[in-house]
Amino acid sequence: MKHCFKLFAIILISFFPGCLSDIENPTINFELQEEAKILHYLESNGDFANSEFAPAIINPQVLFYNLQSYFILDIRDSNEYLFGHIENALNVTSENLYEITDSLYSLQTGKKIVVVCGDGQASAYFTCLLRLANFENVFCLKYGMAYWNIDFSLQWLSVLGEDLDSHKYDNVNYLKLPISNLPKYNFPASIKSTEEKVLYRIKEVIKNGFKQNINYTPNFDAGTKSTHLKICYGVEKLYNYPPRDLGFYGHTAGTLWYSIYPNSDFKSSEDLQTLPAEQKILIYSGDGQSSACMAAYLTVLGYDVKTLLYGGNQLFYSRMRLDPLLQDEAFKSEEIMNYPYVVGN
């Protein structure tokens, strides 16, 4: 019964008739608000961001041994691309990413597309957006070029460590906020159907790019902690870390926990609407790729949300390496593949 009243807060009674079981012959005469229609559309078309497939990561070994089976879209800037890229990778920008993906998808529907960036963060963000646009064969390369060859790994290796304020962390289960309305946003008058509006939003977010202090923040600094609602997105062990006698604590004061698949709290039937529509949000996962994907999804819905690059790897790397439940999201220098790459065009 609880979830019946959560969903869309004000309007989704018609989708859950069980909530009206105590009322005889109810008369319902209203139309879903536009934001609710968009959310319902996304959830009815695979709900990718909340699914077991997100963020659609492919390991470098799989790509290397099957290069001919993939189109590779390298979204780094041209200088990084010229310094070194995977053979046959096409350098694209966020401004033309959707159109190129669409043309490749139409050209050979059975061939998969891999989005590649330097560290896997931006590629996870854009892959999620493309998946929301129903490109089902799009994947992001795990940790990007940093796992492909050691020559591209410096940025990842330099951030591995512990938050300087980790001694202030606690294991308090902070309560989520009250249910609120979904964010509102406007569309051009020429766009009528819900499907058109969803695609318009996705294209708009893709073209806006992946930019520091807009879509992501590189550091979990004091300024961000004080201005943003902090969300840990992952398994419970990423949020709380008992027992305390090991010297580890879970999270900064006030951080909320939202569970990842299979019990995703960002579903409309769970706790999505406990996100405040007007407040800035900072979300982190274990590796930053899952949170980048969720940040993309929430941005499409109209939330002002950033992802923390590299996630738990820059906050409590020792925990990431030691705990069996977190190890899969830990960056491991021993797993850098040192595969060949092409210099220049």
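Here, buried means under 20% relative accessible area, exposed means over 50%, and partly exposed lies in between (1.4 Å probe, protein chains only). Welcome to this predicted model, in which local features need pLDDT of at least 70 and side-chain atom pairs count only at pLDDT 80 or more, while totals for chains, interfaces and linings use all residues. Residues are numbered from 1 along each chain as its sequence is written, and side-chain values use heavy atoms, with hydrogens and water left out.

**The chain as a whole**

- The protein chain contains 14 helices and 10 strands; helices (H or I, at least four residues) and strands (E, at least two) are DSSP runs, numbered from the N terminus.
- Among the 345 residues of the protein chain, 54% count as buried.
- Contact means heavy atoms within 4.5 Å. Of the contacts in the protein chain with a separation of 6 or more, 76% are between residues 24 or more positions apart.

**Salt bridges**

- Side chains of opposite charge can pair when their charged atoms come close. A salt bridge is a side-chain nitrogen of Lys or Arg within 4 Å of a carboxyl oxygen of Asp or Glu, and the structure holds 11 of them.
- Lys 197 and Glu 34 form one, with their closest N and O atoms 3.1 Å apart. This pair links distant parts of the chain, 163 residues apart: Lys 197 sits in helix H9 (residues 194–207) and Glu 34 in helix H2 (residues 34–44). Lys 197 counts as buried at 10% relative accessibility, whereas Glu 34 is partly exposed at 23%.
- Glu 204 pairs with Arg 201, again with closest N and O atoms 3.1 Å apart. Both belong to helix H9, where their spacing of 3 residues is about one helical turn. Glu 204 is partly exposed, with a relative accessible area of 29%, and Arg 201 is buried at 10%.
- Glu 334 and Arg 321 meet in a salt bridge too, at 2.8 Å from N to O. Arg 321 is in helix H14 (317–322) and Glu 334 in the segment after it, so the bridge ties together parts 13 residues apart in sequence. Glu 334 is exposed at 52% relative accessibility, while Arg 321 is partly exposed at 29%.
- Lys 176, Asp 265 and Asp 271 are joined in a network of salt bridges.

**Helix H2 and its neighbours**

- The buried residues of H2 are Glu 35, Ala 36, Lys 37, Ile 38, Leu 39, Tyr 41 and Leu 42.
- These buried residues pack against helix H6 (121–132), H9 and helix H12 (289–300).
- After H2 comes Gly 46, which has a positive phi near 100°.

**Nonpolar cores**

- A nonpolar core is a set of buried Ala, Val, Leu, Ile, Met, Phe, Trp, Tyr and Cys residues joined through side-chain atoms within 4.5 Å.
- The largest has 87 residues, and those with the most contacts inside it are Ile 86, Phe 266, Tyr 297 and Leu 298.
- Setting aside neighbours within four places in sequence, Ile 86 is in contact with Leu 63, Leu 67, Ile 72, Val 116, Leu 141, Met 145 and Trp 148.
- A second, separate core of 15 residues includes Tyr 169, Tyr 241, Tyr 317 and Leu 326.
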